[in-house]
Amino acid sequence: KYSIFCDYAEYNPDTRDVLLVGNIRVYTPDQVLSGQRALFNLESKQMRALEFSGSQYPMFFRAFNFRAVSPKEFRIRDASMTTHDSSQPDFHVRPRSMRFYPDSRVILTNSTLYVGQTPIFWFPYLYANLDSSGFEFLPGYDSRWGAYLLLGYGFPIVQGVNGKVRFEARTEFGPSVGLDLDMKYG
């Protein structure tokens, strides 16, 4: 389920904690996390880390304080998030704290939207539903697509089948429309 690589690891058999230092890579089925210092408990699967980064398509994040409460919940403090795949993004959101529940929702508190280094807008509370129903509005920049705007509306069709009507505009490829179907069995 998890694969962890680093420069140095130290195991404590009493607490079942593993101290990880230097070039840490945590591979999960859905993503890769990287950082410099972390403490991972083999029993509870909880992780506390400093200076961690990762991505959950289409978002990229960097966090000073990252804590995996469980495999289903992450708490992040002093983070920076963007959809721009650059080390110096043109825009980003800096939430004071963030809770991420994979396949469910993201909650951001005390967030500021920056363009470059200039603060543009403050959001006291942001909530994003990660399931496939409702409106989707996603601006961004990708080195392969150029600037883009992805619009969509997701809706359930029948039990276990969801649809999403999409309109997408990319500077490198132009506009497109389409329908996505997502089917889950079992």
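The model is predicted, with local features needing pLDDT of at least 70 and side-chain atom pairs counting only at pLDDT 80 or more, while totals for chains, interfaces and linings use all residues. Residues are numbered from 1 along each chain as its sequence is written, and side-chain values use heavy atoms, with hydrogens and water left out.

Student: How many aromatic pairs are there?
Tutor: Rings of Phe, Tyr and Trp (its six-membered ring) pair if their centres lie within 6.5 Å; planes under 30 degrees apart count as stacked, over 60 as edge-to-face and the rest as tilted. By this rule, the count of aromatic pairs is seven.

Student: Why is the pair of F52 and F66 stacked?
Tutor: The ring centres of F52 and F66 are 5.7 Å apart. Because their planes stand at 15 degrees, the pair is stacked, and the value that decides this is 15 degrees.

Student: Which strands hold F52 and F66?
Tutor: Strands are DSSP runs of E with at least two residues, numbered from the N terminus. The pair links distant parts of the chain, 14 residues apart, with F52 in strand 5 (residues 47-56) and F66 in strand 6 (residues 59-70).

Student: Are F52 and F66 buried or exposed?
Tutor: Buried means under 20% relative accessible area, exposed over 50%, and partly exposed in between (1.4 Å probe, protein chains only). Ring pairs also link F52 and F66 with F61, F74 and F100 into a cluster. On the accessibility scale, both F52 and F66 are buried.

Student: What is the angle between the planes of F121 and F123?
Tutor: F121, at 48% relative accessibility, is partly exposed, and F123, at 23%, is partly exposed as well. Their rings form a tilted pair, 4.8 Å centre to centre, and the angle between the planes is 55 degrees.

Student: Which residue has its charged end over the ring of W145?
Tutor: W145 lies in the loop between strand 11 (134-142) and strand 12 (146-158), and at 16% relative accessibility it counts as buried. A charge sits over a ring if NZ of Lys or CZ of Arg is within 6 Å of the ring centre and within 35 degrees of the ring normal. The charged end 4.0 Å from the centre of the W145 ring belongs to R170.

Student: Over which ring does the charged end of R94 sit?
Tutor: R94 is among the residues that S80 touches, not counting residues up to four places away in sequence, where contact means heavy atoms within 4.5 Å. The charged end of R94 lies 4.4 Å from the centre of a ring, that of Y114.

Definitions and conventions:
Helix = DSSP H or I, 4+ residues; strand = E, 2+ residues; numbered from the N terminus.
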